[in-house]
Amino acid sequence: MRKTIAFALAGVAGAALMQAAPAVAQETTACLITKTDANPFFVKMREGAEAAAAENGIELQSYAGRIDGDVDSQIQAIESCIAAGAKGILITPSDSAGLVPLVEQARGQGILVIALDTPFEPASAADATFATDNRLAGELIGRWAAAQLGDAAADAKIVSLDLNAMTPSVDYLRNQGFLAGFGVDVKDPNVIGDEDDPRYVGRDVTNGNEEGGRTAMESLLQAHPDLNVVYTINEPAAAGAYEALRAVGREDEVMVVSVDGGCPGVRNVQEGVIGATSMQFPLLMASLGIDAIAQYAQDGTLPEPSPGLDFFNTGVELVTDQPVEGIESMTAEEGLERCWG
């Protein structure tokens, strides 16, 4: 079965937002600030923002860091947007806590600030957040991995390939969601590494790219040659991890799970490189963000979060060709009809 409820709700709410946001004057400027242009996730996000900006008559200025974690470039981008008199800023923060003072400065000047994908810490630092439920995305692949292993889950050797040393919110939300879904006591759900479950044997960071995933996996294999479950922050990191596993002949012995839902990642599910992935919808995040800026420019209306949440939930769906009872999912073939990048 396909897990469509969350996405359908997001789509309905998104349609309402778009219908409520007529085109605004050409002089309205919006900014999109992503972590990097090297990741297809952020490329698709930019495409969504560009299309919505054209539809709403908004001038879009796009910025990106050189790599995931390039905070200095994001600081410069925010400063440029403030100086340009932007009406709104969409940002995937590389440092979800460290950028808060600058974001507050922007808001103090009447700029609508919306976090995409990665919430600020606290989330209330931005006017709104449009994102995947990242903790649920991690939980889904954790539950799937434990169910696949069955009784062997009790003796698993788990490693995590996380994002970067700054541990932005998206990093701990997915990691801790995965571990909790697998059945590990995560202690503090917002802190990576305080667990004492002997099954969680190691972690490293990847900067969310293939090279980082390969290097991290190589290091973890040296330290823990008997590892058999690998959680990765995203699908580029998973592809790199698989290359490292294949180099030592362990690609068929180790389970790899991830989050993203990009077309290359879904194809990797189809090919057995990734066992399961949680699909996100970055184009939707960005297009809804631009629509919200258009509405704000027109009449000052602020976007509302999803009921019971402190963010607008843009949906998540599990993609796997090895479904398990009790966890709704779509096949990789179905995922290729919904994927991005």
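The model is predicted: local features need pLDDT of at least 70, side-chain atom pairs count only at pLDDT 80 or more, and totals for chains, interfaces and linings use all residues. Residues are numbered from 1 along each chain as its sequence is written, and side-chain values use heavy atoms, with hydrogens and water left out. The protein chain has eleven helices and twelve strands. Helices (H or I, at least four residues) and strands (E, at least two) are DSSP runs, numbered from the N terminus.

**Overall fold**

- The radius of gyration of the protein chain is 20 Å, which agrees with the value near 20 Å for a compact globule of 341 residues. That radius is taken over C-alpha atoms, and the globule rule is 2.2 Å times the number of residues to the power 0.38.
- The C-alpha trace spans about 60 × 40 × 35 Å along its principal axes.
- Of the 341 residues, 57% are buried. Buried means under 20% relative accessible area, exposed means over 50%, and partly exposed lies in between (1.4 Å probe, protein chains only).
- Among contacts with a separation of 6 or more, 73% join residues 24 or more positions apart. Contact means heavy atoms within 4.5 Å.
- The chain has about 13200 Å² of accessible surface, and carbon and sulfur atoms account for 49% of that area. Accessible areas come from the Shrake-Rupley method with a 1.4 Å probe; for residues, only the protein chains shown count as cover.

**The cavity**

- The structure holds one cavity of 30 Å³ or more. On a 1 Å grid over the protein atoms alone, a cavity is a set of points where a 1.4 Å probe fits but cannot get out; a pocket is an open set with protein on both sides within 12 Å along at least five of seven lines; lining residues have an atom within 4 Å of a point.
- The largest cavity has about 100 Å³ of space. Grid points are joined across faces, edges and corners, and a volume is the space filled by probe spheres set on the points.
- Its lining has 13 residues, with Phe 42, Asp 68, Asp 117, Arg 174 and Asn 234 nearest the centre.
- Helix H2 (40-56) and helix H6 (169-182) each give two or more residues to this lining.
- By class, the cavity lining has five nonpolar, three polar and five charged residues. Ala, Val, Leu, Ile, Met, Phe, Trp, Tyr, Cys and Pro count as nonpolar, Asp, Glu, Lys and Arg as charged, and the others, Gly among them, as polar.

**The largest pocket**

- The volume of the largest pocket is about 300 Å³.
- It is lined by 20 residues; Ala 38, Asn 39, Pro 40, Gly 208 and Pro 236 lie nearest the centre.
- Helix H8 (235-247) and helix H9 (263-270) each supply two or more lining residues.
- The lining divides into seven nonpolar, eight polar and five charged residues.

**The second largest pocket**

- This pocket holds about 220 Å³ of space.
- Of its 16 lining residues, Pro 119, Ser 169, Leu 173, Asp 310 and Phe 311 are closest to the centre.
- Helix H5 (134-149) and H6 each give two or more residues to the lining. H6 gives the most, with three.
- Seven nonpolar, five polar and four charged residues make up the lining.

**The loop between S4 and S5**

- Asp 117 sits in the loop between S4 and S5. Its phi is near 70 degrees, a positive value in a residue other than glycine.
- Asp 117 is buried, at 3% relative accessible area.
- Pro 122 lies in the loop between strand S4 (112-116) and strand S5 (128-131). A cis peptide bond joins Glu 121 and Pro 122, with omega about 5 degrees.

**Other loop residues**

- Asn 207 is in the loop between strand S7 (200-205) and helix H7 (210-223). Its phi is positive, about 60 degrees, although Asn 207 is not a glycine.
- Asn 207 is partly exposed, at 31% relative accessibility.
- Pro 93 is in the loop between strand S3 (88-91) and helix H4 (100-108). Pro 93 is buried, at 0% relative accessibility.
- Leaving aside neighbours within four places in sequence, Pro 93 contacts Lys 35, Gln 74, Leu 99, Thr 118, Phe 120 and Pro 168.
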